[in-house]
Amino acid sequence: MRSRRPGAAPRAPPIPPVPPVPPARAAALRRRLLAWYDASRRDLPWRAPQGAADPYRAWLAEVMLQQTRVEAAIPYYRRFLEAFPTLEALAAAGEEEVLSRWAGLGYYARGRNLLAAAREAVARHGGLPATPEALRALPGFGPYTAGAVASIAFGVRAPAVDGNAARVLARLFRIEGRPEERAVRERILGVAARLVPAGRPGDWNQALMELGATVCGRAPACGRCPVEPLCEARRAGRERGIPPPRRHPAPALLRVACAALWRDGRLLLVRRASRGLLGGLWELPGVTLHGADPARAAVRRALRRDLGLEASVGRELAAVERQLTHRRLQLIAYEIRSVRPVPGTGKPPGKSVPKPVPGTEHRGRAGPAGPAPGMRSRPVPGPVPGTRWISPDALEGVAISTAVRRLVEALAAARAKE
Ligand code: SF4
């Protein structure tokens, strides 16, 4: 046996072959599952018979469903379509407008990619292209989204395997192991590709996902499953062990200290850079805390660095917590008692002031940190790019995350009590 060179990376174990899919079994699975889907599928606003689906709507629904449950996605889907009824309308929209309609769904990079892909699809293809390969060249399209749109909207024989479909296929073919591991994933995808029928590929993909969402969940209801006689996991008594329970590491805590800077009943917001976590959204000026960082000093430093302001930071006014996908976000807002420009500077000296966003700069009057009622300081020259003053009751149409919205509401409530 050949030994490994010292220091060489261990070779990945070979991927076991894709389980066989005999034609008779594939035909029986398709017949049973599609009949069940025709009779039992949920009536959802984006659903349409094979051949009648609108590509844009199918795509929008798939992207939203990747990050939220069906019931939660429906109102977002409707509101988004009211604002952007067609692909062309979306392509012509501004990022701020799109992100404000996306706000609350999380994964804001998906909202930005949606806009970028719409623009590219209209410019290069005059609409969404029909093949998975061309779709995958658009921003934000992975194999799942490309397969779903191609099969549902264009009738292309392409698999679309989300978490629900992966669980169903793993059980039907008794594929042991974690679907997130490459070897297991490859086997599931191999089976999926062999099963997609030529006639109703989109309905088939949706039927698999529907079965996973409504019958073959983590605790499967095998007694009412249309494909139970064909399920290998059920036959082996392994339906509850496939896939194995996921290990969920404790989410990391992200603590952000924010500045609550009021002027004439309005709060100062700054815009985050376009990329990265919550990119392009508005928020209170602030800073991520590390370890035992003293929060007030951190806020003072952040205002000086990012906005060119010397601030007197007071007590904690409000705090909110929100669970993101892999993190717990804690926002703590501190009172800003007074501000003045950093001596000797007519403009912000910091490196991380966001780039100007057309149409969103603060215009006129004093700059972003003009005097709040009762402040001791003089007006600060402005404007600073990417800042705006906003009243807590005028947040409609502003691209802010749910956590920041709640923080602004909590600050408004605390102010009303004073
Ligand atoms: S028989 Fe049970 S485990 Fe198998 S596909 Fe149906 S619900 Fe899932």
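## Close-up views of a predicted model

**Figure 1. The whole chain in outline.** The chain holds 14 helices and 8 strands; helices (H or I, at least four residues) and strands (E, at least two) are DSSP runs, numbered from the N terminus. This is a predicted model, in which local features need pLDDT of at least 70, side-chain atom pairs count only at pLDDT 80 or more, and totals for chains, interfaces and linings use all residues. Residues are numbered from 1 along each chain as its sequence is written. Of the 418 residues, 38% are buried; a buried residue has 20 or more other C-beta atoms within 10 Å of its own, an exposed one has 12 or fewer, and a partly exposed one is in between, with C-beta atoms placed from the backbone.

**Figure 2. The largest nonpolar core.** A nonpolar core is a set of buried Ala, Val, Leu, Ile, Met, Phe, Trp, Tyr and Cys residues joined through C-beta atoms within 7 Å. The largest one here has 107 residues, and those touching the most other members are Val149, Leu169, Cys258, Ala259, Ala260, Ala333 and Leu407. Helix 2 (residues 55-65) is the biggest giver to this core, with 8 residues. The core lies between domain 1 (23-235) and domain 2 (252-417), because both give residues to it; the domain bounds come from an automatic or database domain assignment. Let us look at one core member, Cys258. Beyond its neighbours within four places in sequence, Cys258 is in contact with Leu284, Pro285, Gly286, Leu331, Ile332, Ala333, Tyr334 and Leu407; contact here is between residues whose C-beta atoms, placed from the backbone, lie within 7 Å.

**Figure 3. Helix 8 against helix 11.** Helix 8 (residues 143-154) packs on helix 11 (residues 201-214) at about 125 degrees, and their axes are 6 Å apart. Axes are lines fitted to C-alpha atoms, for helices over the stretch in contact, and angles run from 0 to 180 degrees between N-to-C directions. The two helices are therefore oblique to each other; angles under 35 degrees count as roughly parallel, over 145 as roughly antiparallel, 65 to 115 as roughly perpendicular and the rest as oblique. Helix 8 brings Ala148, Ser151 and Ile152 to the contact, while helix 11 brings Pro201, Gly202, Asn205 and Gln206.

**Figure 4. Helix 9 against helix 11.** The axes of helix 9 (residues 163-172) and helix 11 cross at roughly 85 degrees and come within 7 Å. That makes helix 9 roughly perpendicular to helix 11. From helix 9 the contact uses Asn164, Ala165, Arg167, Val168 and Leu169, and from helix 11 Asn205, Leu208, Met209, Leu211, Gly212 and Ala213.

**Figure 5. Ala103 in its loop.** Ala103 sits in the loop between helix 5 (95-102) and helix 6 (108-125). Ala103 is buried, with 22 other C-beta atoms within 10 Å. Setting aside neighbours within four places in sequence, Ala103 is in contact with Ala399, Ile400 and Ser401.

Figure 6. Most residues other than glycine have a negative phi, and most peptide bonds are trans. Arg174, in the loop between helix 9 and helix 10 (182-195), has a positive phi near 50 degrees. Arg174 is partly exposed, with 16 other C-beta atoms within 10 Å. Asp264 also has a positive phi, of about 50 degrees, and is exposed, with 11 other C-beta atoms within 10 Å. The peptide bond from Ile242 to Pro243 is cis, with omega near -10 degrees, and Pro243 lies in the loop between helix 12 (232-235) and strand 1 (252-260).

Technical notes:
Two residues are in contact if their C-beta atoms, placed from the backbone, lie within 7 Å.
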